[in-house]
Structures are given as C-alpha cells and as structure tokens.
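Visitor: I have the model open and would like to go through it with you. Could we start with how you use your terms?

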Amino acid sequence: MNRFITAFKKRSVKSTKRTSGDNILTEYDIYNAKKITFIALSSVLVLLMAMFALTQGSYSLSLKEVFLAVIGQSNDIAHTRVVWNIRMVRIISAIFAGVGLAISGMIMQNILRNPLASPSTLGVSNAASFGAAFAIVAFGSGRISSHGGSAVTFTIPYIIAISAFSFSMISTGVIILLTRYRDASPETLVLAGVAMGSLFTAGVTSLRYFAQDEVQLSAIIFWTFGDLGRTGWTTAGMIAVASVICATYFFFNRWKYNAMNGGENVARSLGINTERVRITGLIVASMITALIVSFVGIIGFVGLVVPHMARKVIGNDTRFLIPASCVVGALLLLVSDTVARTLISPIVLPVGILTSFLGAPMFIYLILKGRNNW
Amino acid sequence: MTLVCIENISFSYGKIDALKDVSLSLEKGNLVGIIGANGSGKSTLIKCLCGLLDVHKGHVTLEGTKLSSIPKRKLATLVGYVPQIQERATPSTVFDTVLMGRIPHLTWSPTKKDLEIVAKAMETMEITEFSLRDIHELSGGQQQRVFIARAMAQEPKVLCLDEPTSSLDIKHQLGLMRGIRDITREKNILALMAVHDLNIASQYCDSLIILKEGYVYKEGKPNNVLCKENIKDAFGIDVAIHKHGDFMHIVPVEESIVEDITY
Ligand SMILES: Nc1ncnc2c1ncn2[C@@H]1O[C@H](COP(=O)(O)OP(=O)(O)OP(=O)(O)O)[C@@H](O)[C@H]1O
Ligand SMILES: [Mg+2]
C-alpha cells in the first residue's frame with residue numbers, strides 16, 4: 001500500500017513537472033505570438049498611412065482619385081503625375097529610409113550593447129553628409145533639377161554615395177577602435193561619436209565657402225537637414241533595394257546578435273566571433289546610413305528612437321526586433337514626413353527638423369535613465 | 001575514459017603569469033572542483049578550457065582533438081561556460097537567455113526539441129516561474145541560476161562553471177551541487193567547477209585540483225587532498241578538520257586568522 005502511495009506521489013510529481021514545462025512553452029509561444037501580431041499590425045498601419053499620405057499635399061486628391069491613379073486608370077494625366085512622380089516616390093523613400101535608418105540604429109545598439117548608439121549619435125550620419133557634400137564640391141556631382149520646387153537630383157549619385165560611405169567609415173573606424181578597449185563605457189563611445197559629429201558638421205559648413213555656384217551651395221545646405229523631396233525613382237529605388245538587402249543580411253545573422261546580447265565572453269563561449277560580428281555589423285549599418293544620407297540628407301534620431309520604441313513592445317530578441325524596427329522605422333518616418341508636408345502647407349518642412357525635435361528629448365531621456373535601463 | 005587532457009599549458013596576461021606548466025587529465029562522468037586562493041588562476045584555467053583564452057604553451061585536447069583546431073562553433077556544442085562575473089548584457093527575458101545556450105546547435109530556428117531542452121534546464125535550475133521576466137529584474141542568485149541553465153541547455157560534454165555557487169543561498173548551493181553531480185553521472189559528462197567553499201567542494205566533488213600561484217599544487221580525491229598542511233600551504237590559514245562519517249568539516253582556526261591580519 002505504502003509503495004503504491006509513493007508510486008502515485010512520484011507520478012503526480014512527474015505530471016505536475018511536465019505540465020509546468022509545457023506551461024512555460026505555451027507561455028513562450030503566446031509571448032512570441034504577441035510580437036508577431038505587433039509586427040503584422042504595424043505593417044498594416046504602414047500601408048494605411050501610405051494610402052493616406054498619397055491623398056495629402058498641395059494638390060488635393062480624394063482617396064478614390066488616388067486609387068485610380070495608382071492603378072493607372074485615372075483619366076486625368078495630372079493626377080497620375082502627382083501620385084506617381086511626386087508622392088509615390090516620396091513615400092517609398094520615406095518608408096525605406098525609415099527601414100534603413102532604424103535597422104542600422106538597432107544593430108549598432110545591440111552589437112555594442114549600448115542604448116545610446118545610432119548613426120547620428122556615433123557621428124556616422126554627419127561623416128556621410130560631409131562625404132556627400134565633399135563629392136559635390138570636388139566633383140560637381142549635384143545639380144538642382146527644376147521639378148518640385150526645391151528638389152535636388154544628382155547627375156552622378158554613385159559618386160556621392162561612395163564618397164559618403166568612405167567618410168562614414170572614418171567614424172565607424174574610430175568606434176571600432178574604441179570598442180577594443182574593453183572598459184570603454186557606452187557614454188564614452190557616444191561622446192566620441194558626438195565629437196566626430198560636430199567635426200564633420202564643421203566640415204560641411206566650411207565646404208560652403210568652396211562651393212562654386214549657388215546650386216552647389218544650396219545642395220550642401222540641404223544636407224544638414226534631411227528632406228525626402230530630393231529623391232527620384234532611381235535614388236528611391238536604390239534606398240529601397242539597399243535597405244531590404246541590409247535588413248535581410250541582419251535577419252540572417254539574428255542568432256549571432258542574440259548571442260551578443262548575453263555579453264562578450266558569453267557570446268564567445270557560444271561560438272561567436274564577436275570581433276567579426278561587430279565589425280561587419282557596423283560596416284553594413286554604416287553603408288546603409290551613408291547611402292540614405294547621401295540621397296536625402298541627415299534625418300537625425302530615427303536610428304536612435306525607433307529601436308527603443310520597438311524594444312518597448314518586442315524586447316531584445318533580434319528575431320523579432322529586426323522586423324519590428326524596420327516596420328516602426330517606416331511608420332515613423334512616413335508619419336513625420338506627412339506631417340512635415342502638411343503642417344504649414346504649402347511650405348514643406350524638411351523632415352529632418354521634425355525627427356530632431358522628436359529625437360533630442362528622447363536622447364536626453366535615455367542618458368538620464370542610465371545604461372542599465374534600456 | 002579521458003575526455004580532457006591538459007598538457008603543460010602556460011598562460012600569462014602580459015607580464016603576469018597566471019598559469020604555469022599545468023598538466024591535468026580529466027575524465028568523463030566526474031565533477032571536478034578547482035580550489036585555490038584569489039588570483040591562483042582558477043578562472044584563467046577555465047577560460048583556457050573554453051577556448052576563451054588561447055594558451056601560450058602546451059595544449060589542451062578534447063577527446064584527442066586539439067582545442068585550437070576545433071572550430072569555435074563546434075567547440076560551443078562541446079564546452080559550456082558559466083562566467084564568474086556577469087558582464088554588461090542587453091536586457092533579455094529568462095527564457096530567451098537560456099535559449100541562447102541552443103544557439104550553437106541551431107540552424108534556422110529552434111525546434112520543439114530545442115525548446116524542450118530549454119524548459120528542462122529551467123526546471124532543473126528552478127527558474128520556470130521567472131520565465132518571461134527580464135534577467136536584470138532578478139536577484140544575483142536567481143540570475144546565476146539562469147546562466148547555469150543556459151550552459152546546461154548547451155548540452156556540452158564539458159561544463160565549466162566559474163564559482164557558480166558564490167551568490168546562491170544555502171539550499172540552492174546544495175541543490176546546484178547535487179544537480180551538477182547528477183548530470184555528470186546521467187549524461188556522462190565532465191563538470192569542472194571553481195569553488196571557494198571547501199566543505200561543499202569536499203562533499204560533492206569527485207576530485208579536486210588545488211591551484212597555487214598558477215601551479216597545480218595538488219590533485220586527487222577530496223579526502224586525500226584536503227588536509228591541514230595542504231590548506232595551510234594553499235590558503236595560508238590553519239584549519240581544523242572534523243570527520244563525520246563520509247563527510248568532512250573544515251573549520252578555520254581563529255587565532256591564525258587574527259595573526260594574519262595583524263601582519
Ligand atoms: N584580464 C586580466 N589582465 C591581467 N591580469 C589578469 C587578468 N585576469 C586575471 N589576471 C591575473 O591573473 C591571475 C589569475 O587570475 P584568475 O582570475 O585566474 O584568478 P582566480 O583564481 O580565478 O581568482 P578568484 O578566486 O579571485 O576568482 C591573477 O594574478 C590576476 O591578477
Ligand atoms: Mg576567478
């Protein structure tokens with residue numbers, strides 16, 4: 001009898017243990033399902049926002065007119081022009097510049113384990129903008145085109161992008177060197193980034209004196225505050241393709257970034273070559289930043305703010321944080337740009353001004369929160 | 001059967017020689033304790049075994065293969081590591097942290113089996129109730145149990161633990177020691193553990209290694225290694241050893257401590 005009771009007890013212990021194991025697995029599934037739902041809902045929101053943005057602007061169009069123009073059934077050629085050549089390009093640029101900037105900020109934050117990292121706080125954006133301005137002055141690669149008022153298009157966009165990337169590698173290089181010192185704190189890194197940022201801003205300002213004509217001058221000035229109105233289909237396409245490629249690259253490496261979350265030695269004991277992951281991650285992130293900056297100028301703080309917004313909901317599991325940052329980045333930049341276009345219409349504000357107003361307080365808040373509270 | 005063979009390894013941090021000509025042969029199915037004073041080289045030895053540090057002289061072999069010739073990712077499926085000090089880490093839930101242990105085994109995403117291994121490791125370390133909490137919101141000891149669970153989830157052949165009991169309460173210290181010992185038997189793996197508590201070490205470890213200033217000072221069964229003279233030599237304190245059947249109880253003798261302090 002006693003034996004029977006013990007056997008029974010044992011079994012019941014076992015069975016409760018099992019259910020507890022199953023429980024945490026179900027719990028975990030639900031937890032992850034919530035993240036996926038968030039990403040899906042945000043994606044829908046991006047689409048809705050894009051549709052709304054198509055209707056907004058100085059030339060007023062109804063949703064129906066927009067729809068007809070999008071599918072090419074509009075009778076009015078002006079509608080098709082406005083929708084496709086002006087608004088659609090701008091919206092595509094906003095979405096994918098948002099993706100690119102957000103993803104590079106997110107990757108920088110995770111691989112450096114530094115909540116303050118982002119293309120703008122590490123000086124990468126400023127370096128890229130200097131590179132772009134430098135290319136204009138040195139090679140005369142920028143020209144203002146007449147369409148859309150203040151829009152600048154580029155005769156040789158590749159040279160600008162390459163120059164932007166080359167200069168952004170200076171900031172990236174300094175950051176990589178600093179990370180070799182194990183005790184470089186998050187704040188140290190960001191201070192170095194800010195220093196490099198102001199150096200390159202000064203560089204951009206001084207380039208103005210070398211501008212050969214007003215065209216170049218205005219092109220340079222435009223760089224300091226990013227404006228999505230400068231893109232054409234080629235540049236928007238390049239931003240889109242590059243952002244998608246980079247995001248895919250990061251997604252393929254998501255387990256490496258997850259291991260990096262555990263800390264330097266932990267990641268290494270999990271078989272990760274941390275040095276290599278850090279360097280390649282920073283280079284790819286700088287590349288996409290440089291490309292975006294060279295076509296639309298500096299759109300500050302998107303790379304800083306968006307990952308934190310996504311993290312609030314998703315946490316640091318990069319399997320979900322990577323897509324979530326992409327979607328939230330797209331949404332934030334699209335909303336900001338639509339606001340910038342319509343706030344004091346017909347004047348179109350550069351979207352960079354808006355994101356800076358949003359980002360600077362967030363940056364200060366993060367500093368006050370301290371390094372352990374992301 | 002010999003699993004890990006350490007042959008004449010030396011390691012130095014710049015001018016500081018942390019390990020000097022260490023040779024050991026460690027067998028499967030054992031819990032091996034490393035004891036020694038602060039700075040005697042325990043952590044360094046463990047890091048050399050995990051491939052975190054590359055030895056300067058000599059070599060370590062794992063099942064006959066040189067450690068340096070095993071790709072890091074493969075090595076991570078063979079050797080698990082629990083660090084002594086938790087470094088700066090990005091916030092992450094307990095489950096996700098333990099899941100990291102499966103990363104060396106993963107291809108695209110964790111299978112059901114991977115998740116079950118994680119759940120099992122969490123049950124063993126009694127951390128299921130914290131599953132979705134952030135590790136930074138746990139107490140030091142709870143965190144330590146999470147990191148041990150992560151190393152267990154790796155399902156390694158060699159489990160290296162650097163002072164895993166240092167911030168555990170007495171119940172969890174005993175639970176951990178028993179748990180690790182059982183795992184070494186069940187899965188026929190080697191656990192190598194740096195410990196400070198000599199009583200706990202003597203009670204649970206199959207054999208002990210005493211390090212002193214980077215040398216292997218003594219190695220062998222706890223009962224043989226832990227005698228007054230050896231402890232005096234390794235730690236510079238006088239102790240009294242009481243035997244209770246199979247267990248021994250090591251108590252520092254008060255005067256000598258006072259004496260030491262007045263130096
Ligand atoms: N990163 C480092 N750089 C330089 N010297 C180091 C470093 N880490 C350890 N040492 C030195 O190497 C020696 C061995 O250190 P180790 O960390 O292996 O000791 P330990 O036995 O683990 O000590 P503890 O009981 O305090 O954990 C010590 O003299 C220490 O000062
Ligand atoms: Mg140590």
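Guide: Buried means under 20% relative accessible area, exposed means over 50%, and partly exposed is what lies in between. Keep in mind that this is a predicted model.

Visitor: Fine. How does B:Trp108 count, then?

Guide: B:Trp108 has 43% relative accessibility, so this residue counts as partly exposed.

Visitor: And A:Phe252, how does that one count?

Guide: As exposed, because its relative accessibility is 54%.

Visitor: What kind of pair do the rings of A:Phe252 and B:Trp108 make?

Guide: The pair is edge-to-face, because planes over 60 degrees apart count that way and these planes stand at 65°, with the ring centres 5.3 Å apart. The pair crosses between chains: A:Phe252 is in helix H8 (residues 233-252) of chain A, and B:Trp108 is in the loop between H3 and helix H4 (112-124) of chain B.

Visitor: How many aromatic pairs over all chains?

Guide: The count comes to 11. There is also an aromatic cluster formed by A:Phe130, A:Phe134, A:Phe167 and A:Phe200.

Visitor: Switching to the sheet in chain B. What is the strand order?

Guide: E6-E7-E8-E3-E9-E10, an open sheet of six strands with mixed pairing. At the edges are strand E6 (79-82) and strand E10 (215-220) of chain B, each of which pairs on one side only. From one strand to the next the twist averages 15°.

Visitor: Which helix packs on the sheet?

Guide: Helix H5 (residues 140-153) of chain B packs there and touches E6 and E7 of chain B. The direction of H5 makes about 175° with that of E6(B).

Visitor: How many bridges between E7 and E8 of chain B, and in which sense?

Guide: Five bridges, in the parallel sense, between strand E7 (residues 158-162) and strand E8 (residues 190-194) of chain B. The bridge partner of B:Asp162 in E8(B) is B:Ala194.

Visitor: What about E3 of chain B, in terms of burial?

Guide: Strand E3 (residues 31-36) of chain B is mostly covered, with six of its six residues buried. B:Leu31, B:Gly33 and B:Ile35 point one way from the strand, while B:Val32, B:Ile34 and B:Gly36 point the other way.

Visitor: And which strands does E3(B) pair with?

Guide: E3(B) pairs with E8(B) in the parallel sense over four bridges, where B:Val32 has B:Leu192 as its bridge partner. E3(B) also runs parallel to strand E9 (residues 207-212) of chain B, joined by five bridges. There, B:Ile34 is partnered with B:Ile209.

Visitor: On to packing. How many residues are in the largest nonpolar core?

Guide: That core has 138 residues. Those with the most contacts inside it are A:Phe250, A:Leu334, B:Val94, B:Val98, B:Ile127 and B:Ile180. Helix H3 (residues 77-112) of chain A gives the most to this core, 16 residues. Another core, of 33 residues, lies apart from it and includes B:Ile34, B:Leu49, B:Val60 and B:Val79.

Visitor: What does A:Phe250 touch?

Guide: Leaving aside neighbours within four places in sequence, A:Phe250 is in contact with A:Ile103, A:Ile107, A:Tyr257, A:Gly281, A:Val284, A:Ala285 and A:Ile322.

Visitor: Is B:Val98 buried or exposed?

Guide: Buried, at 0% relative accessibility. B:Val98 is in helix H3 of chain B. Not counting residues up to four places away in sequence, its contacts include B:Val118, B:Met122, B:Ile127 and B:Val146.

Visitor: Last topic, the magnesium ion. Which residues coordinate it?

Guide: The magnesium ion (ligand 2) is coordinated by B:Ser43 (OG) and B:Gln84 (OE1), at 1.9 to 2.2 Å. B:Ser43 lies in helix H1 (residues 42-50) of chain B and B:Gln84 in the loop between E6 and helix H3 (94-99) of chain B, so the pair ties together parts 41 residues apart in sequence.

Visitor: How accessible are B:Ser43 and B:Gln84?

Guide: B:Ser43 is buried, with a relative accessible area of 18%, and B:Gln84 is partly exposed, at 33% relative accessibility.

Visitor: Where is B:Thr93, and what does it touch?

Guide: B:Thr93 is in the loop between E6 and H3 of chain B, and counts as buried at 8% relative accessibility. Residues up to four places away in sequence aside, B:Thr93 touches A:Tyr31, B:Ser131, B:Leu132, B:Arg133 and B:Asp134.

How values were computed: Residues are numbered from 1 along each chain as its sequence is written. Chains are lettered from A and ligands numbered from 1 in the order in which they are written. This is a predicted model: local features need pLDDT of at least 70, side-chain atom pairs count only at pLDDT 80 or more; totals for chains, interfaces and linings use all residues. Side-chain values use heavy atoms; hydrogens and water are left out. Two strands pair if DSSP finds at least two bridges between them. Helices (H or I, at least four residues) and strands (E, at least two) are DSSP runs, numbered from the N terminus. Axes are lines fitted to C-alpha atoms, for helices over the stretch in contact, and angles run from 0 to 180 degrees between N-to-C directions. Contact means heavy atoms within 4.5 Å. Donors are N, O and S atoms within 2.8 Å of the metal (3.2 Å for Na, K and Ca); water is not among the atoms, so sites may look incomplete. Buried means under 20% relative accessible area, exposed over 50%, partly exposed in between (1.4 Å probe, protein chains only). A nonpolar core is a set of buried Ala, Val, Leu, Ile, Met, Phe, Trp, Tyr and Cys residues joined through side-chain atoms within 4.5 Å. Rings of Phe, Tyr and Trp (its six-membered ring) pair if their centres lie within 6.5 Å; planes under 30 degrees apart count as stacked, over 60 as edge-to-face and the rest as tilted.
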